[in-house]
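This report goes through a protein model, covering its charged pairs, strands, aromatic rings and confidence. The sequence and structure come before the text.

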Amino acid sequence: MPVRRMVGAWVSAAVLGTTLSLASATPANAAQGTFTYVLRNGTVHTLSDPKSGVCHNLLLDEAVAEENATDRYAVLYTERDCVAGGTLVAPGHEKELPFRSVLFSSAP
C-alpha cells in the first residue's frame with residue numbers, strides 16, 4: 001500500500017476513533033428514573049427522566065413530600081426558579097420538605 005494511502009487510512013481511523021470517543025463521553029442531559037412529589041392538597045405528581053441542569057418549577061402549589069428515584073441528585077428550592085434554600089436529596093432517598101422548584105445534578 002502506498003504511503004499516501006496509509007496516512008489517509010490512519011487519519012480516517014483517528015478521526016473516527018476521536019468522534020466515537022467524544023460521542024460516548026458526552027454526558028446524558030436527563031436523569032434516569034422518576035421524581036415523585038406530593039402537593040399540599042394531596043395530589044401526587046411525577047417527573048419521568050427529568051432534564052439535568054434545568055430548573056423545574058412546580059406549576060400549581062408547594063410540594064410537601066418527595067421521593068427521588070432518579071440516578072441524579074435533586075436540589076429542592078423553597079422559591080420558584082431554583083433560588084433560595086437549596087436542599088439536597090440523594091438518589092434513592094425521600095424527604096418531607098416543602099419546595100417550589102427542583103434542579104437535578106450529577107454531583108452534590
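## Salt bridges

A salt bridge is counted when a side-chain nitrogen of Lys or Arg lies within 4 Å of a carboxyl oxygen of Asp or Glu. By this criterion the structure holds 2 salt bridges. The model is predicted: local features need pLDDT of at least 70, side-chain atom pairs count only at pLDDT 80 or more, and totals for chains, interfaces and linings use all residues. Residues are numbered from 1 along each chain as its sequence is written, and side-chain values use heavy atoms, with hydrogens and water left out.

Strands here are DSSP runs of E with at least two residues, and helices are runs of H or I with at least four, numbered from the N terminus. For accessibility, buried means under 20% relative accessible area, exposed over 50%, and partly exposed in between (1.4 Å probe, protein chains only). Arg-40 is exposed at 52%, whereas Glu-62 is buried at 14%.

The side chains of Arg-72 and Asp-71 also form a salt bridge, at 3.8 Å from N to O. Arg-72 is buried, with a relative accessibility of 12%, while Asp-71 is partly exposed at 42%.

## Strands and sheet

Two strands pair if DSSP finds at least two bridges between them. Strand E1 (residues 33-39) and strand E2 (residues 44-48) run antiparallel and are joined by 5 bridges. Phe-35 has Leu-47 in E2 as its bridge partner. The hairpin of E1 and E2 has 4 residues between the strands, and Gly-42 in this hairpin takes a positive phi near 95°.

An open sheet of 4 strands has the order E3-E8-E5-E6, with antiparallel pairing. Strand E3 (55-57) and strand E6 (87-89) stand at the edges with a single partner strand each, so one side of each has no neighbour in the sheet. Strand E5 (residues 73-77) is joined to E6 by 3 bridges, and the two run antiparallel. Val-75 has Leu-88 in E6 as its bridge partner.

Ala-84 lies in the loop between E5 and E6 and is partly exposed, at 45% relative accessibility. Leaving aside its neighbours within four places in sequence, Ala-84 is in contact (heavy atoms within 4.5 Å) with Tyr-77, Thr-78 and Glu-79.

## Aromatic rings

Rings of Phe, Tyr and Trp (its six-membered ring) pair if their centres lie within 6.5 Å; planes under 30 degrees apart count as stacked, over 60 as edge-to-face and the rest as tilted. The count comes to 4 aromatic pairs. Phe-35 and Tyr-37 form a tilted pair, 6.3 Å centre to centre with 40° between the planes. Phe-35 is buried at 0% relative accessibility, and Tyr-37 is buried at 9%.

Phe-35 also pairs with Phe-99: the ring centres are 6.0 Å apart and the planes at 70°, so the pair is edge-to-face. This pair links distant parts of the chain, 64 residues apart, with Phe-35 in strand E1 and Phe-99 in the loop between strand E7 (93-95) and strand E8 (101-105). One aromatic cluster is formed by Phe-35, Tyr-37, Phe-99 and Phe-104.

## Confidence

pLDDT is the predictor's confidence in each residue, from 0 to 100. The protein has a mean pLDDT of 80, and 74% of its residues reach 70 or more. Over residues 3-27 the pLDDT is below 50, and this stretch has 1 contact in the model beyond near neighbours in sequence. Where pLDDT is low, the predicted coordinates should not be read in detail.
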